[in-house]
Amino acid sequence: MSRAVMLLFAVASGLAVANAYFAHPMLDVMADDLGLSRAHAGLIVGATQVGYGLGLILLVPIGDLIDRRRLVIAQSLLSVAALIAIGFASSGNMLLVAMAVMGLLAVVTQAFVAYAASLAPPAERGHIVGVVTSGIVLGILLARTVAGTLTDLSGWRTVYLVSAAATLVIVALLWKALPRQEARPATMSYPRLIGSLFGLLVSEPALLIRGIICMLIFANITTLLTPLVLPLSAPPFSLSHTAIGLFGLAGVAGALGATRAGRWTDRGLGQRTTGISLALMLLAWGPISLLPHSILWLVIGVVVIDFGLQAVHVTNQAMIYRVRPDAQSRLTAGYMVFYSIGSAFGSSMSTLAYAHAGWTGVCLLGAGISGLTLVFWAMTLRVMPAAATRSLS
């Protein structure tokens, strides 16, 4: 894989995943505009994650069956239509449906990850997955910044219409730059392909263990991010949406965690990286809970929790891709189903926690999830397959 193609994978993945994160700093204004209560604002993100989960099961596995180049280009084009529908949504129900469809198609992000992994030499697979994932991290961070700025300048709808235009540009670049693949003979039907996805959860313990860790860490991070706009936009902070979006850049350390974690896993340090990173995520809730005293504590907490999250996320993927190189799209789909479940849970429960117990309730929920994740990882150390954890360098 050339550096240019690897960079294009990172940029395309970042833009695709940004679509699922634009709403975070705009939840209050989107809900108010379309008549949703603040307590139910999390449903906007939740609908996206439900669609994402369905896409992981129904769309991502197809990459093991057909030309991945055509798959990612087609999904990207359909994403343009979904983004336009969101931009012109006239009711809360219409918005939720359009967000779910957009989430369904946003799984092209994971198709890019599996595509990059299939082109990478085995000894460099963790590194390349880390580079692509760092693009995803930056896409998430810039999504908050761009969304907050455009919302203050011209309204939340502009965000999705601008993204639709940018996606069209990316499609043109993908069409020219992505390597063509030889036609592969169909080895199974589509129903059997989807059925085999669930079979992998039974036959590959690395996928199940790392999938559950994925579910918990993303429930953790969305517990923080989804309700964050509510205290920051209210007194005493009263931040603008632009300022709230810029605040997300505090998590740029996550990109560093993503790029380095892939190399550490290639060297056989995946379990150690996981343990340290999960401990950091738990400790991060200490300064996060001090938001009422100073916003600087929150900045510190976001830096730490994002670094830990992305290091664990890349380590998870680098490990599971080793066990079945012939099924990378299905492994990606199975793994990210857990991500979608965790994100939907965190998004929905965190706004309810905030509505009933304020920021303290959110922090207690997040710390509880962090502690549970650390305990689960420790309990599964001895049952992880050696093929997923050994050094390849």
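Select Glu204 and Arg324: their side chains meet in a salt bridge at 3.9 Å, N to O. A salt bridge here is a side-chain nitrogen of Lys or Arg within 4 Å of a carboxyl oxygen of Asp or Glu. Glu204 sits in the loop between H9 and H10, and Arg324 in the loop between helix H15 (295-323) and H16, so the pair links parts of the chain 120 residues apart. Helices (H or I, at least four residues) are DSSP runs, numbered from the N terminus. Glu204 counts as buried because its relative accessibility is 15%, while Arg324 is partly exposed at 25%. Buried means under 20% relative accessible area, exposed over 50%, and partly exposed in between (1.4 Å probe, protein chains only).

A word on the model. It is predicted: local features need pLDDT of at least 70, side-chain atom pairs count only at pLDDT 80 or more, and totals for chains, interfaces and linings use all residues. Residues are numbered from 1 along each chain as its sequence is written, and side-chain values use heavy atoms, leaving out hydrogens and water.

Next, pick Asp64 and Arg330. Their salt bridge has its closest N and O atoms 2.9 Å apart. Asp64 is in the loop between H3 and helix H4 (68-87), Arg330 is in helix H16, and 266 residues separate them. Both Asp64 and Arg330 are buried.

Move to Asp33 and Arg157. This salt bridge spans 3.2 Å between the closest N and O atoms. Asp33 lies in helix H2 (residues 27-33) and Arg157 in helix H8 (residues 156-177), so the pair ties together parts 124 residues apart in sequence. The count of salt bridges comes to 4.

Now go inside. Select Tyr160 and Leu224, which have the most contacts inside the largest nonpolar core, a set of 115 residues. Such a core joins buried Ala, Val, Leu, Ile, Met, Phe, Trp, Tyr and Cys residues through side-chain atoms within 4.5 Å. Helix H16 (residues 328-379) gives the most to this core, with 11 residues.

Then try Thr226, in the loop between helix H10 (205-225) and helix H11 (229-233). Thr226 is buried, because its relative accessibility is 1%. Its side chain reaches the backbone oxygen of Thr222 at 3.0 Å.

Technical notes
Helices (H or I, at least four residues) and strands (E, at least two) are DSSP runs, numbered from the N terminus. A polar contact is a pair of N or O atoms within 3.5 Å; within protein, one must be able to donate a hydrogen and the other to accept it, and residues adjacent in sequence count only if both atoms are side-chain atoms.
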